[in-house]
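Here is a short briefing for a first look at this structure. Keep the model in view as you read.

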Amino acid sequence: MVLSTHAIVGGAIASLFPSDPILAAAAGFASHFAIDAIPHWDYPLRSISVGKGADNRRLKLTRTVMIDLICIGLDACAGLALAIWLFATPASAWVVSLGAIAAMLPDPLQFLHSVHPREPLVSLQRFHGWIHSKRKLAWRLGVGSQIAFAVAVSAAAGAFR
Ligand SMILES: [Zn+2]
């Protein structure tokens, strides 16, 4: 899933445990894998590779790498901002942010694995690859379904709070 979707789901879950940051972070992190298992769409990256067999050890800071980093950065910032806007109160803002960031974290850890393939990243990468849906949706359906999914999760979190 795109990082914004992960952040919204992580923020929504964290908002259910506003006084328990450890649980919020752990649940956010776990939610990443749970929703990656749903068939989805991911935007293509031009030069950075993640996933099975990815090796970024020779990556240089070129124009296409910069474009990838900007896309990823915008995606992550938009996700964090949306999570705070949708779920945070002044008192819970930091726990909601923590949940959102923890929910996005497995993807930067995939990158870290691609430049530093050591344990525990190797096992985490194996698990991430195993649980990640092998079915790729076309982008139209993929974008629409992630928006619908984020809205549904937001509504469910609102109902539970
Ligand atoms: Zn992932």
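The model shown is predicted. α7 gives the most to the lining of the second largest pocket, with 6 residues.

- By residue type, the lining of the second largest pocket divides into 9 nonpolar, 4 polar and no charged.

**The largest pocket**

- The largest pocket has a volume of about 850 Å³.
- It is lined by 32 residues. D42, V50, G51, D107 and Q110 lie nearest the centre of the largest pocket.
- At least two lining residues each come from α3 (63-87), α5 (106-115) and α6 (121-131).
- The largest share of this lining is from α5, which supplies 5 residues.
- The lining of the largest pocket divides into 14 nonpolar, 10 polar and 8 charged residues.

**Helix α1**

- α1 has 12 residues, and at 1.5 Å a residue they should span 16 Å.
- Of the 12 residues of α1, 11 are buried, so the helix is largely enclosed by the rest of the structure.
- The buried residues of α1 are L3, S4, T5, H6, A7, I8, V9, G10, G11, A12 and A14.
- These buried residues pack against α2, α3, α4, α5 and α7.

**Helix α5**

- In α5, the residues P106, D107, L109, Q110, H113 and S114 are buried. Seen down the axis of α5, these buried residues fall within an arc of 155°, so they line one face of the helix.
- An α-helix has 3.6 residues a turn, so residues three or four places apart point the same way.
- The partners that the buried residues of α5 pack against are α1, α2 (21-36), α4 (93-104) and α6.
- D107 and Q110 are buried in α5, and both are among the residues nearest the centre of the largest pocket.

**Q125 in helix α6**

- Q125 sits in helix α6.
- Is Q125 buried or exposed? Q125 has a relative accessible area of 10%, under the 20% cut-off, so Q125 counts as buried.
- Beyond its neighbours within four places in sequence, Q125 is in contact with G51, K52, Q110 and H113. Of these contacts, G51 and Q110 are also among the residues nearest the centre of the largest pocket.

- P120 is placed in the loop between α5 and α6.
- The peptide bond that joins E119 and P120 is cis, with omega about 0°.
- Most peptide bonds are trans.

**I84 in helix α3**

- I84 is found in helix α3.
- I84 is partly exposed, with a relative accessible area of 32%.
- Not counting residues up to four places away in sequence, I84 touches V96 and S97.
- How many residues apart in sequence are I84 and I8? They are 76 residues apart in sequence and 8.6 Å apart in space, C-alpha to C-alpha.

Note on methods: Residues are numbered from 1 along each chain as its sequence is written. This is a predicted model: local features need pLDDT of at least 70, side-chain atom pairs count only at pLDDT 80 or more; totals for chains, interfaces and linings use all residues. Side-chain values use heavy atoms; hydrogens and water are left out. On a 1 Å grid over the protein atoms alone, a cavity is a set of points where a 1.4 Å probe fits but cannot get out, and a pocket is an open set with protein on both sides within 12 Å along at least five of seven lines; lining residues have an atom within 4 Å of a point. Grid points are joined across faces, edges and corners, and a volume is the space filled by probe spheres set on the points. Helices (H or I, at least four residues) and strands (E, at least two) are DSSP runs, numbered from the N terminus. Ala, Val, Leu, Ile, Met, Phe, Trp, Tyr, Cys and Pro count as nonpolar, Asp, Glu, Lys and Arg as charged, and the others, Gly among them, as polar. Buried means under 20% relative accessible area, exposed over 50%, partly exposed in between (1.4 Å probe, protein chains only). The arc is that of the directions from the helix axis to the C-beta atoms. Contact means heavy atoms within 4.5 Å. The expected span of a helix is 1.5 Å times one less than its number of residues.
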